[in-house]
Amino acid sequence: MDQPHVTLNDGQKIPQVGLGVWQTPNDEAAPAVKAALVAGYRHVDTAAIYENEEGVGEGMRQSGVARSDIFLTTKLWNTEQGYDQTMKAFDASLKRLGTDYVDLYLIHWPSPHRGLFVDTWKAFVRLKEEGRAKSIGVSNFYPEHLEKIIAETGVVPVLNQIELHPDFQQKENRAFHDKHKIITQSWSPLGQGKLLSHPVITGIAEKLGRTPAQVIIRWHIQSGFVVIPKSVTPSRIAENFKVFDFQLSNDDMSALIALDDKNARIGPDPMTAS
Ligand code: NAD
């Protein structure tokens with residue numbers, strides 16, 4: 001199936017829509033990943049802390065889709081930061097996933113109070129050199145954290161996965177990303193479901209004969225973000241991927257951009273998160 005890709009600053013291409021599997025235990029992750037791959041997804045986003053890497057690997061194998069056709073992301077948890085710890089944690093993730101490489105490895109949070117994210121990034125650079133992490137990036141980094149790892153290593157993360165939904169748009173962080181050719185990836189792109197009943201969104205959805213989730217995912221795509229909506233329900237997984245055959249008009253995009261509210265953050269502030 002034709003689907004849009006975004007080219008990363010290291011030349012690798014990432015499918016613009018992927019499946020998120022946070023809060024999905026192994027026995028639910030395997031069928032969800034399989035359903036997504038059968039529906040046409042080729043990108044899955046997990047993390048060591050989700051404790052479902054085994055299920056994700058299982059779902060990939062059950063789908064019958066070749067490993068080389070799947071873009072797989074996992075993330076290093078905060079307590080594993082530091083050079084040697086990272087190398088060990090990466091091996092453990094690969095083992096749980098049942099694969100010998102990931103397409104993208106992310107530092108989950110900067111966790112500034114540990115003072116370890118630069119050493120951690122140096123280990124990431126080595127994993128990329130070894131070819132075991134095809135691309136390396138970060139999550140929940142502010143510009144000051146990004147500046148630090150770039151200054152220390154000269155290696156720019158391919159993307160920064162941050163909380164981003166129509167009512168929390170992170171414009172300042174995105175401007176920094178754009179300047180440094182860092183792709184913005186949206187986590188909790190549907191606002192964890194809370195935006196699905198917003199009248200502006202349901203209004204656009206009714207007008208276009210689409211669902212609210214499809215309208216929001218389309219907004220992320222047309223904004224140039226990589227987006228990883230989560231569902232474990234096969235019909236919703238399929239619905240969230242049927243977003244490549246329609247367009248939001250400039251007026252619809254503007255109406256969604258107008259929902260931005262700096263106070264609508266759902267998750268923790270990365271400056272103080274664990
Ligand atoms: P989300 O915004 O993707 O919303 C998911 C919820 O929306 C689902 O639980 C479901 O209740 C509902 N939903 C999904 N599709 C629907 C549909 N078509 N119709 C009706 N309801 C629907 O929330 P999320 O899971 O928080 O974020 C997505 C992914 O982002 C995660 O699974 C994870 O992979 C990633 N994430 C990363 C971080 C990070 O720190 N890097 C943090 C949170 C999430």
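Visitor: So, which residues does Leu 146 touch, leaving out those up to four places away in sequence?
Guide: Leu 146 touches Phe 141, Pro 157, Asn 160 and Phe 176, where contact means C-beta atoms, placed from the backbone, within 7 Å. Please keep in mind that this is a predicted model, in which local features need pLDDT of at least 70, side-chain atom pairs count only at pLDDT 80 or more, and totals for chains, interfaces and linings use all residues. Residues are numbered from 1 along each chain as its sequence is written.

Visitor: Where does Leu 146 sit, then?
Guide: Leu 146 lies in helix 5, which covers residues 143-153; helices (H or I, at least four residues) and strands (E, at least two) are DSSP runs numbered from the N terminus.

Visitor: And why does Leu 146 count as buried?
Guide: Leu 146 counts as buried because 20 C-beta neighbours lie inside 10 Å, the rule being that 20 or more other C-beta atoms within 10 Å make a residue buried, 12 or fewer exposed, and anything in between partly exposed, with C-beta atoms placed from the backbone.

Visitor: How many residues apart along the chain are Leu 146 and Phe 176?
Guide: They are 30 residues apart along the chain, and their C-alpha atoms are separated by 9.2 Å.

Visitor: Switching topic, at what angle do helix 7 and helix 8 pack?
Guide: Helix 7 (residues 199-208) and helix 8 (residues 212-222) pack at about 100 degrees with their axes 8 Å apart, the axes being lines fitted to C-alpha atoms over the stretch in contact, and angles running from 0 to 180 degrees between N-to-C directions. The two helices are therefore roughly perpendicular, a label for 65 to 115 degrees, whereas under 35 is roughly parallel, over 145 roughly antiparallel and the rest oblique.

Visitor: Which residues of the two helices meet?
Guide: From helix 7, Ile 201, Thr 202, Ile 204 and Ala 205 meet Pro 212, Val 215 and Ile 216 of helix 8.

Visitor: What about helix 2, which residues are buried there?
Guide: In helix 2 (residues 53-63), the buried residues are Glu 53, Gly 55, Val 56, Gly 57, Glu 58, Gly 59 and Met 60. They pack against helix 1 (26-39), strand 4 (43-45), strand 5 (71-76) and helix 3 (83-97).

Visitor: What follows helix 2?
Guide: Gly 64 follows, and its phi is positive, near 80 degrees.

Visitor: Lastly, how many helices and strands are there in the protein chain?
Guide: The protein chain has ten helices and ten strands, and buried residues make up 48% of its 274 residues.
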